[in-house]
Amino acid sequence: MAASIKNATAFRGILQKLKLPSIPIPARLKGGRLERAAKYMQTVAFDYKEAVKDVFVTAVEKPVKSGIYLLLSGSAIYAIFNNPDEDSHAMRVTEYSTELATVSRSVMNPKSADCLSQRQSAVHYGLLRRLNLALFSILWIDNYDKTCTSYLASCPSLKVPWREVPPRIVDFGFLNRWFLLERQMKDYDVNPDEWKQLDEKLS
């Protein structure tokens with residue numbers, strides 16, 4: 001603990017010695033816009049210097065807390081850059097359609113088939129809407145295509161209100177995955193009614 005405090009004090013002293021270079025202004029330009037712009041830039045640079053100093057000093061004084069903040073910040077940045085979009089969803093629907101086409105109808109899971117049919121129709125008619133929440137995304141189904149110019153589609157008063165969006169949600173996307181689609185397609189080649197149908201035929 002004492003060593004951390006000593007290191008933080010020494011580090012703070014080093015940062016205090018850092019001085020920002022002054023911007024020389026010719027006498028004929030003093031009092032004008034150039035001088036005001038130079039002072040503004042110096043103020044901004046000073047604020048950034050103080051912020052950086054506080055970050056480094058806190059990291060030395062409280063390494064565990066700083067590590068947690070760094071981990072959370074890194075995780076948030078990673079999630080933002082891997083937030084799935086409509087294109088990734090359409091690609092997954094296409095991949096699942098190809099896989100489902102290789103399965104016999106007798107062993108095909110009807111729930112998976114219905115889910116995939118709904119998603120294909122929504123993609124084809126341009127009804128899917130993505131709510132981008134930075135870290136993750138939500139897909140929901142609208143009434144009309146974005147490019148539709150009819151009165152019913154373009155009138156603001158007739159658009160789907162936000163309170164009616166939750167029942168229209170079809171998927172939740174996070175880290176380049178669409179979880180509800182994956183869950184519906186997990187056992188796409190297992191028909192739970194297959195044995196019931198066989199028993200009915202034999203009876």
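## Aromatic pairs

Phe136 is partly exposed, with a relative accessible area of 26%; here buried means under 20% relative accessible area, exposed over 50%, and partly exposed in between (1.4 Å probe, protein chains only). Phe172 is likewise partly exposed, at 33%. This is a predicted model, in which local features need pLDDT of at least 70 and side-chain atom pairs count only at pLDDT 80 or more, while totals for chains, interfaces and linings use all residues. Residues are numbered from 1 along each chain as its sequence is written, and side-chain values use heavy atoms, with hydrogens and water left out.

Three aromatic pairs are found in a search of the whole structure. Rings of Phe, Tyr and Trp (its six-membered ring) pair if their centres lie within 6.5 Å; planes under 30 degrees apart count as stacked, over 60 as edge-to-face and the rest as tilted. The Phe136 and Phe172 rings have centres 5.2 Å apart and planes at 45°, so this pair is tilted. The pair links distant parts of the chain, 36 residues apart: Phe136 is in the loop between E1 and E2, and Phe172 is in strand E3. Helices (H or I, at least four residues) and strands (E, at least two) are DSSP runs, numbered from the N terminus. Ring pairs also join Phe136, Phe172 and Phe179 into a cluster.

Trp140 and Trp162 form a tilted pair, with 6.5 Å from centre to centre and 55° between the planes. Because Trp140 lies in strand E2 and Trp162 in the loop between helix H6 (151-154) and E3, the pair ties together parts that are 22 residues apart in sequence. Trp140 counts as buried at 9% relative accessibility, whereas Trp162 counts as exposed at 61%.

## Salt bridges

The count of salt bridges is four, a salt bridge being a side-chain nitrogen of Lys or Arg within 4 Å of a carboxyl oxygen of Asp or Glu. Asp171 and Arg119 meet through their side chains at 2.9 Å, N to O. This pair links distant parts of the chain, with Asp171 in strand E3 and Arg119 in helix H5, 52 residues apart. Both Asp171 and Arg119 are buried.

Arg129 forms a salt bridge with Asp142, the closest N and O atoms being 3.4 Å apart. Arg129 lies in strand E1 and Asp142 in the loop between E2 and H6, so parts 13 residues apart in sequence are tied together. Arg129 is buried, with a relative accessible area of 10%.

Helix H4 (residues 86-101) has 16 residues and reaches 22 Å from its first C-alpha to its last, close to the 22 Å expected at 1.5 Å a residue; the expected span is 1.5 Å times one less than the number of residues. Its buried residues are Ser88, His89, Val93, Tyr96, Ser97 and Leu100. The elements against which these buried residues pack include helix H5 (110-124), strand E1 (128-132) and strand E3 (169-174).

Asn82 lies in the loop between helix H3 (63-81) and H4, and counts as buried at 16% relative accessibility. Leaving aside neighbours within four places in sequence, Asn82 is in contact (heavy atoms within 4.5 Å) with Leu175 and Asn176.
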